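Subject: Structure handover

Hi,

Here is the structure for your files. My notes on pockets, rings and backbone follow below it.

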Amino acid sequence: MAAPAVFEVLPPTLDSTSDPPPLFDGTTRLYINDMCPYAQRVWIVRNYKGLHDKIKLVPIDLQNRPAWYKEKVYPENKVPALEHNGQVIGESLDLVKYIDSNFEGLALLPDDSAKLKFGEELIANSDTFTTNLYASLRGDAVKEAAAGFDYLETALHKFDDGPFFLGQFSQVDVVYAPFVERFHIIFQEIFKHDITSGRPKLAAWIEAINKIDAYKPTKCNREKFLAYIKKRFLGES
């Protein structure tokens, strides 16, 4: 059973005017941004495993980053990053696996070998999935994105012992959820298209994801996200 829901207020976002926390003092810190889908992946894992007291969230302003973050924490200067045991680890896919393997709490991978193999394939394809969907926004979005959503629909037919990719909630759902969340918003609000139309498994998956307590507080601000997408991909100011 997943950890119980915890009401949590995010700490203040740190920007170029902010002092750093007491770095490498033994505290485990997850550096995030509440609009970043990559950071959201790791945030969900942390919540699902009930690590609210073990891993402290540190929001970073990606538009006005503190100089100390690049200099002293993570030279890549992006999120997510995890400060743990005197080192800093980055990259969302690596961190999803790292936290799931190295911290207490319910495991996010099944024991079944067939499910594990399929899960690895889906996670390995996640970057291609997101890259293609973002690229579709510059063309005939509804037509060009269809293959990506069909891929998810087909994958969700693989196992029938639950609404998720591997039946039960797993790392695979964590990896895809932040991006499906955002593209569901984009296609609904900008292109007036429902990505679940003709895709009943995807519709059921989205409904199930939205019931996961660990996921709910990580969801992006809809209006803020739409404004960002319209400016970056559609040329609106």
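First, a term for the element names: helices (H or I, at least four residues) and strands (E, at least two) are DSSP runs, numbered from the N terminus. This is a predicted model, in which local features need pLDDT of at least 70 and side-chain atom pairs count only at pLDDT 80 or more, while totals for chains, interfaces and linings use all residues. Residues are numbered from 1 along each chain as its sequence is written, and side-chain values use heavy atoms, with hydrogens and water left out.

Backbone

Pro 80 lies in the loop between α2 (67–73) and β3 (81–84). A cis peptide bond links Val 79 to Pro 80, with omega at about 5°. For context, most peptide bonds are trans, and most residues other than glycine have a negative phi.

Phe 24 is not a glycine, yet its phi is positive, about 50°. Phe 24 sits in the segment before β1 (29–32). Its relative accessibility is 39%, so Phe 24 counts as partly exposed. Lys 192, also not a glycine, has a positive phi near 55°. Lys 192 is in the loop between α7 and α8. It is exposed, at 65% relative accessible area. The cut-offs: buried is under 20% relative accessible area, exposed over 50%, partly exposed in between (1.4 Å probe, protein chains only).

Pockets

A pocket here is an open set of points on a 1 Å grid over the protein atoms alone, where a 1.4 Å probe fits, with protein on both sides within 12 Å along at least five of seven lines; lining residues have an atom within 4 Å of a point. Grid points are joined across faces, edges and corners, and a volume is the space filled by probe spheres set on the points.

The largest pocket has a volume of about 890 Å³. Its lining counts 32 residues, and Met 35, Cys 36, Pro 37, Leu 62 and Tyr 228 lie nearest the centre. Two or more lining residues come from each of α1 (37–48), α3 (92–102), α5 (126–136), α7 (171–189) and α9 (222–233). α9 gives the most, 7 residues. By class, the lining has 16 nonpolar, 12 charged and 4 polar residues. The classes: Ala, Val, Leu, Ile, Met, Phe, Trp, Tyr, Cys and Pro are nonpolar, Asp, Glu, Lys and Arg are charged, and the others, Gly among them, are polar.

The second largest pocket has a volume of about 220 Å³. It is lined by 14 residues, with Glu 181, His 184, Asn 210, Tyr 215 and Lys 219 nearest its centre. α7 and α8 (200–209) each give two or more residues to this lining. The largest share, 6 residues, is from α7. The lining divides into 8 nonpolar, 3 polar and 3 charged residues.

Rings

Rings of Phe, Tyr and Trp (its six-membered ring) pair if their centres lie within 6.5 Å; planes under 30 degrees apart are stacked, over 60 edge-to-face, the rest tilted. The structure holds 14 aromatic pairs. In one, Phe 183 and Phe 187, the ring centres are 6.5 Å apart and the planes at 45°, so the pair is tilted. Both residues lie in α7, 4 residues apart, about one turn of the helix. Phe 183 and Phe 187 are both buried. One aromatic cluster includes Phe 183, Phe 187, Phe 191 and Trp 205.

A charge sits over a ring if NZ of Lys or CZ of Arg is within 6 Å of the ring centre and within 35 degrees of the ring normal. Lys 115 has its charged end over the ring of Phe 159, 5.4 Å from the centre. The charged end of Arg 182 sits over the ring of Phe 225, 5.8 Å from its centre.

Best wishes
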